[in-house]
Amino acid sequence: MVVGTIKTLILGAGGMLGTDLMVNFPLAISFTHAELDITDKNAIFSIIDRLRPELVINAAAYTKVDDCEEKKELAFSVNGTAPGYIAEACGSIGSKLVHFSTDYVFNGKKKEYIESDRPDPINVYGASKLEGERAIARATGKYYIIRTSWLFGLHGANFVDTMLKLGASNPVVRVVNDQFGKPTYTKDLAQKIQEILNHGYGIYHITNDGVCSWYEFASAIIPNVVPCTSEEFIRRAKRPEYSVLVNMKTRPMRHWKEALSEYLEAKKK
Ligand SMILES: NC(=O)c1ccc[n+]([C@@H]2O[C@H](COP(=O)([O-])OP(=O)(O)OC[C@H]3O[C@@H](n4cnc5c(N)ncnc54)[C@H](OP(=O)(O)O)[C@@H]3O)[C@@H](O)[C@H]2O)c1
């Protein structure tokens, strides 16, 4: 399948990943949050029925992990129920769906997770994203669910930018050294979709290569960082200790350190 030749609809096009997807699908029809609320079932059905895309890519989500703890209803509505509407609408006209999920569907007790491992989320965000995965699978068989982790990209708030800001305005920055994962550049992830579309339907784990702690990640961004524990840095949502996604289905992507260097260079321009 060649991307430019299939009629594509991108939802959540104004987000960090959504903006990079637009670069890779330049002919796609796209909707930002302001243009289409994915929790509006009638609007979803009417747009998909009218436009009749062959491929729908949903990059819309409620991604504020800590806020999800208080805004449970909103989290489940956007991340859980709405993907089911999109999948149902796709199913009704036979289009394929690409949807993004998260490493936070796992409890983090195992050191690594392959695609077939059993999810067991420990926070509301993870639970709402898992509900989204399940709602999609109930509604259509023609889906690619791409679980990814620790995203950074040029078009949204992310950990790298937070570190740059904190590092410039504080003598030292304390960062947890007991949560491990795989940082992922949204540009690399967006470019990978084409390859995944040539594989079978199902769940994919797609990240940059290499595992690190948040402290190790921060140390690659700024010099003035010191390690601390999760107990010293309490947050509203619990985070898994290990949320290392292992990709058993496609070629590995480049190492996160190489992607980070390119990102930092791109930010200077
Ligand atoms: N960021 C990460 O580290 C990370 C890690 C793992 C997985 N993921 C997943 O990757 C995907 C992309 O994440 P991202 O980092 O690009 O997130 P993002 O920058 O927060 O983008 C999400 C977009 O969805 C929009 N949105 C929120 N509610 C909506 C609604 N009801 N209807 C339509 N649009 C809505 C947001 O608009 P507003 O900003 O205007 O609300 C935003 O433009 C998501 O599925 C996320 O769960 C992200």
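A crossing is left-handed if the near helix is turned anticlockwise from the far one by less than a right angle, and right-handed if clockwise. I start with that rule, and H4 passes H5 in a right-handed crossing.

**Ground rules.** I am reading a predicted model, where local features need pLDDT of at least 70, side-chain atom pairs count only at pLDDT 80 or more, and totals for chains, interfaces and linings use all residues. I number residues from 1 along each chain as its sequence is written. My helices (H or I, at least four residues) and strands (E, at least two) are DSSP runs, numbered from the N terminus.

**Entry 1: H4 and H5.** I looked up helix H4 (residues 72-93) and helix H5 (residues 124-139). Their axes come within 8 Å and cross at roughly 15°. That makes H4 roughly parallel to H5. Axes are lines fitted to C-alpha atoms, for helices over the stretch in contact, and angles run from 0 to 180 degrees between N-to-C directions. Angles under 35 degrees count as roughly parallel, over 145 as roughly antiparallel, 65 to 115 as roughly perpendicular and the rest as oblique.

Next I listed who meets whom. Residues of H4, among them Lys72, Phe76 and Glu88, meet residues of H5, including Val124, Tyr125 and Arg138. Contact here puts two C-beta atoms, placed from the backbone, within 7 Å. By class, I find 9 nonpolar, 7 polar and 5 charged residues in the contact of H4 with H5. Ala, Val, Leu, Ile, Met, Phe, Trp, Tyr, Cys and Pro count as nonpolar, Asp, Glu, Lys and Arg as charged, and the others, Gly among them, as polar.

**Entry 2: the ligand.** I counted 24 residues around the ligand, and the closest are Gly15, Leu17, His33, Ala60 and Ala61. Helix H1 (16-24) and strand S4 (96-102) are the elements that give two or more residues to this shell. H1 gives the largest share, 3 residues. By class, the shell holds 11 nonpolar, 11 polar and 2 charged residues.

**Entry 3: H1 and H7.** I stayed with H1. Leu17, Gly18, Thr19, Asp20 and Leu21 are buried there. Buried means that 20 or more other C-beta atoms lie within 10 Å of a residue's own, exposed means 12 or fewer, and partly exposed is in between; C-beta atoms are placed from the backbone. The partners of these buried residues include strand S1 (8-11), strand S3 (55-58) and helix H7 (186-196).

H1 and H7 pack at an angle of about 50°, with their axes 9 Å apart. That makes H1 oblique to H7. Their crossing is right-handed. The contact of H1 with H7 divides into 7 nonpolar, 3 polar and 2 charged residues. In H7, I noted buried residues including Thr186, Leu189 and Ile193. Strand S9 (184-185) and helix H9 (256-268) are among the elements that cover the buried residues of H7.

**Entry 4: two phi values.** Most residues other than glycine have a negative phi. Arg52 has a positive phi of about 45°. Arg52 sits in the loop between helix H2 (41-51) and S3. Is Arg52 buried or exposed? Arg52 is exposed, with 12 other C-beta atoms within 10 Å.

Trp150 also has a positive phi of about 45°. I found Trp150 in the loop between strand S5 (143-148) and S6. Trp150 is buried, with 23 other C-beta atoms within 10 Å.

Notes:
Near = placed C-beta within 6 Å.
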